[in-house]
Amino acid sequence: MRAPELRAFLEAHRPLTHAWRAAPTPLLIASGEEDPVFSLVAHHQPTAAAYREAYADATGAFEEQNFPGVAHYTSVGLRDAALAFLLGK
């Protein structure tokens, strides 16, 4: 990100600082393990940790999944997991 306005917007709306606002709305965080843009270590893991804490009292409302071999774009497995989550299955 080279545009200062975009960087400022993204910094102001980081999930890590706003996780507490989401609970108890059901939430799924799904990531590809091979994503070069949003790596598990740099992005998924700290974000999931913040949401686990925010959802500590909202049993069953927060779910996370990682998909082996999946990069930045949606895979069939990731799509199916998102649909199952949205349909409550």
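Tyr55 is buried in this predicted model, with a relative accessible area of 5%. Tyr51 is buried as well, at a relative accessible area of 11%. Both tyrosines belong to the largest nonpolar core, and ring pairs join Tyr51, Tyr55 and Phe62 into a cluster.

**Burial**
- Tyr55 counts as buried because its relative accessible area of 5% falls under the 20% cut-off.
- The 11% of Tyr51 is also under 20%, so Tyr51 is classed as buried.
- Phe62 is buried, as is Tyr51.

**Nonpolar core**
- The largest nonpolar core is made up of 9 residues: Ala19, Ile29, Ala48, Ala50, Tyr51, Tyr55, Ala58, Ala61 and Phe62.
- Helix H3, spanning residues 40-54, supplies the largest share of this core, with 3 residues.
- In soluble globular proteins, nonpolar side chains tend to be buried together.

**Aromatic pairs**
- There are 3 aromatic pairs in the structure.
- The pair of Tyr51 and Tyr55 is tilted, with 6.2 Å centre to centre and 50° between the planes.
- Tyr51 and Phe62 form a stacked pair, with 6.2 Å centre to centre and 15° between the planes.
- This second pair links distant parts of the chain, since Tyr51 lies in helix H3 and Phe62 in strand S2 (residues 62-67), 11 residues apart.

**Contacts of Tyr51**
- Leaving aside residues up to four places away in sequence, Tyr51 touches Pro15, Ala19, Ala22, Leu27, Ile29 and Phe62.
- Among these contacts, Ala19, Ile29 and Phe62 are also members of the largest nonpolar core.

Technical notes. Residues are numbered from 1 along each chain as its sequence is written. This is a predicted model: local features need pLDDT of at least 70, side-chain atom pairs count only at pLDDT 80 or more; totals for chains, interfaces and linings use all residues. Side-chain values use heavy atoms; hydrogens and water are left out. A nonpolar core is a set of buried Ala, Val, Leu, Ile, Met, Phe, Trp, Tyr and Cys residues joined through side-chain atoms within 4.5 Å. Buried means under 20% relative accessible area, exposed over 50%, partly exposed in between (1.4 Å probe, protein chains only). Helices (H or I, at least four residues) and strands (E, at least two) are DSSP runs, numbered from the N terminus. Contact means heavy atoms within 4.5 Å. Rings of Phe, Tyr and Trp (its six-membered ring) pair if their centres lie within 6.5 Å; planes under 30 degrees apart count as stacked, over 60 as edge-to-face and the rest as tilted.
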